Amino acid sequence: MQKLGIIVAVVVVVLLCHFTFTSAQKVLQLDNQLPRLIGEEEGNHRLVLITQDRQTPFWDKVAEGAIRQAEIEGVSLEVWGSYGMNKEDFLKNIEVAIHSKVNGILVQGLDSPEFKELTKVKASFHGIPIITVANDVPMEESLRRTYVGSDQYTAGQLIADELIQQMVSDGQVVLMYDREREYYQRERIRGIKSVLNMYSKIEIIEVETDSTRDQVKAATRDVMNRFPQADAYIPVNANHVGIMISEISKRSQLDPFLIYTFDDGPEAISLLAQGIIDGVIEQEPEKMGEWSVQLLVEWLNGETVPLNHKGYLTDLKILKVNGAE
Amino acid sequence: MTSIQKKILTLTTIVLLIMSSIWLALTYYNFKTHQQYNDVLQRYLSMNEVSRASQLVVNDLNQLMLDSNPASLQQLQVSKEKLLHAKQGVYPLRNSDNAFTLTNYVHLIDSLVETTNRFILFQAEKDTESSAHEFSEANNISTYISEMTLALIDIELNTYSLFYRGIMEQSGEVIKLGIWVLLLITSILLIITYWFSLGITRPIFQLTKAANELSKGNFDRQVKVTAKDEIEFLAKTFDRMRININNLISEIKHKAALERELQESKLLLQESQFRSLQSQIHPHFLFNTLNTLSKKAYLDGAEETSDLLVSVAGILRYNLKQQNRSVTLRDEINVLKQYIDIQKARFTDRLQVYLDIDEACLDLKIPALTLQPIIENAVIHAVEPKIEGGTIWFKVRKKGHDVIIEIEDDGSGMPQEKIKQIINEEAPAITEGHSTGIGFSNVVKRLRLFYGYQDVIEILSVQDKGTNIKLIIRREGAVLDDQTSHCG
């Protein structure tokens, strides 16, 4: 009887010990880790990449490259952006960045007076270097340090060359661009025209539009009404290509039309993959991101001063629909 | 302090210590958790503080722009100080998650302060346009600050939501742990208490059993308790008491035996007194008769018979009178002489008795009828059995402080066993018919009782050569009369 009692007591104690121990272990394991406080310690260079078109495949790649490079360089970088080409937000972001006294701003160039005001006056006032990425604004107007991205003139030429090959040098080409005619669009148009002007039988139809969706639709409808015979469409602003195509497809088959555009719009690549558009100028967004960060850091560290004001140009190539005619 | 008390105190202290340490641990944990909550909340509060301060600055800027007086300027300076202070509070909050944003935030505050300073400068210079521009700038920045505050708090919420969940989970686990620890300690304490109380009660139980045994009268079982406390002490005392009681009981038994013996001897004494009283009746008659016979013998011309009868009567008288009294050696020797006369009448020439007596010693006190039985013994053993008779020497002499009474015969000697018997006062020597009924050993006994020491008699015996009996009587050990007797 007594033996049984002792055994029961020992078993109970051992069991309780076990439970207590495992419970204690659990409690100790649950050590809530708060993020490490940095406190007063001075951080490294803070860079911001600001775009208008966040979450387009193109800009995602730029951001990806920039972030990767920032990690390599050991600087902190944040990507700020507005969605759907919200210019107000975009400008505000730049202003916040300037007031936040970041060490450098990588920005998608916007050829607007407000933008130039910000970069030329405010950023210079605070001594913050600005590098334009992908879309340039001339240095004289923006006081940017340099430009990293494609040579848009060459891009225009490239797209025009392709067009010529497909069109057998005869027909109407619709060029649609923003009413503001941003610098990069002007460059593209200049490139396209420099090629197409060599062929007298090719007629260039220029269409101006506002960047709102309805305006683009209206402009497309209008040009289709006026020039039903048009053979090719080139939306110089790649953001317009989706709207344009949906509008054209309401009227007729898409196949007869040659549609070319650039890869910095949200839909360009997927439309190309579906075979709806015939060719896309592919740039090197990742390279742009990497390079821009690298150059900015070099400038900040005083390794490359001054930066080449003409810009650092990335490669271009044209992507065509598989098995295109 | 007694050790049971010590034991209880120790147990209580241990229990208290364990309980209080658990309580402390839980309280500390609670405190820590609260502190963590508080820290997190404090972060939000300091960020909010910045936002509020910046709005205040813009407010005051507006005030100053509308109405430029020193009071509102003072007001602006105060709110600017507040903003800087709030900045100080927010700067240490940087962590890996919000470092970038928070740094921007701090710089935004700086920008606001700079803008404010510029505004004040322009205002002082009455440059309305520039100051208006700076005001709008400040307003913008303030808006940005507010927005960034929200963004920061959003980041904070993201960062700390996991942390919150962790804390909640840990709280749950801690409660579980508390329950387990409580159960564990309860069971361990129960076991320890049981064991501990057993340590106190077991000796008591043993003691109770021993007490039961004692109360039943069983005093031989040893009381043994090993407890190393008061109970053991109690048990030892108890055991000592048992031993004492045992001793007392045996003593009482011994005493009882003695008392019974005493009773017996009392009875014996009464009997003998009775007997002696009775025996005194006949002797007087006998004594008178003997005297009558002596006179008759004398008248008949038998003078010798008459003398014998007088001697017999003398001895008889002496015997009747002196039996229980001390007498002088002289009296004793007189009686002895009468006895020898009688014996000589019997043995005629076969008995030779030589007396050699130092007269100076005759006043020595001696119990009555001590010498006669010894002589009688000598007669019986040394003279009677031999046809040619025997010789007896009786000497009394001084030797130092002692008086030595020597009785020697030339008989067949005494066997050693008998000597031993006599010396040791053992079973009275087998009466060989002739004695007065008072045997040799009786004499020895009386002598020892009278003088108060043991070596009062010495017996030397050689087979077929004779026996020498010495009575050694110390004079100073003898009665006071001794000195008046001019014995030495």
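**A first look at chains A and B**

Hi everyone. Of the 325 residues of chain A, 50% count as buried. Please keep in mind that this is a predicted model.

Let me stay with chain A for a moment. How many helices and strands are there in chain A? There are 11 helices and 12 strands. As for contacts in chain A with a separation of 6 or more, 73% of them come from residues 24 or more positions apart.

Now let's zoom in on one residue, Gln185(A). You will find Gln185(A) in helix α7 of chain A, which covers residues 183-196. Is Gln185(A) buried or exposed? Its relative accessibility is 0%, so Gln185(A) counts as buried. And what does its side chain do? The side chain of Gln185(A) makes a polar contact with the side chain of Asp178(A), at 2.9 Å. If we set aside residues up to four places away in sequence, Gln185(A) touches Tyr177(A), Asp178(A), Val236(A) and Asn237(A).

Let's move over to chain B and a pair of helices. In general, two packed helices are described by the angle between their axes and the distance between the axes. Our pair is helix α7 of chain B, residues 329-347, and helix α8 of chain B, residues 371-383. They pack at an angle of about 25 degrees, and their axes are 9 Å apart. Angles under 35 degrees count as roughly parallel, and α7(B) and α8(B) are therefore roughly parallel to each other. Their crossing is right-handed.

Who makes the contact? On the α7(B) side we have Leu329(B), Glu332(B), Ile333(B), Leu336(B), Tyr339(B), Gln343(B) and Phe347(B). On the α8(B) side we have Leu371(B), Gln372(B), Ile375(B), Glu376(B), Val379(B) and Val383(B). By type, the residues of this contact divide into 9 nonpolar, 2 polar and 2 charged.

One of them is worth a visit: Leu371(B), in helix α8 of chain B. Leu371(B) has 0% relative accessibility and so counts as buried. Leaving out neighbours within four places in sequence, Leu371(B) is in contact with Leu329(B), Glu332(B), Ile333(B) and Leu336(B), and also with Ile366(B), Phe394(B), Ile405(B) and Leu471(B). Take Leu329(B) from that list: Leu371(B) and Leu329(B) are 42 residues apart along the chain, and their C-alpha atoms are separated by 9.3 Å.

Conventions: Residues numbered from 1 in each chain as written. Chains lettered and ligands numbered in written order. Predicted model: local features only at pLDDT ≥ 70, side-chain atom pairs only at ≥ 80, totals over all residues. Heavy atoms only, no water. Axes fitted to C-alpha atoms, helices over the stretch in contact; angles between N-to-C directions. Helix = DSSP H or I, 4+ residues; strand = E, 2+ residues; numbered from the N terminus. Parallel < 35°, antiparallel > 145°, perpendicular 65-115°, else oblique. Left-handed = near helix turned anticlockwise from the far one by under 90°. Contact = heavy atoms within 4.5 Å. Nonpolar A, V, L, I, M, F, W, Y, C, P; charged D, E, K, R; others polar. Buried < 20%, exposed > 50% of the residue type's maximum accessible area, 1.4 Å probe, protein only. Polar contact = N/O pair within 3.5 Å; in protein donor to acceptor, adjacent residues only side chain to side chain.
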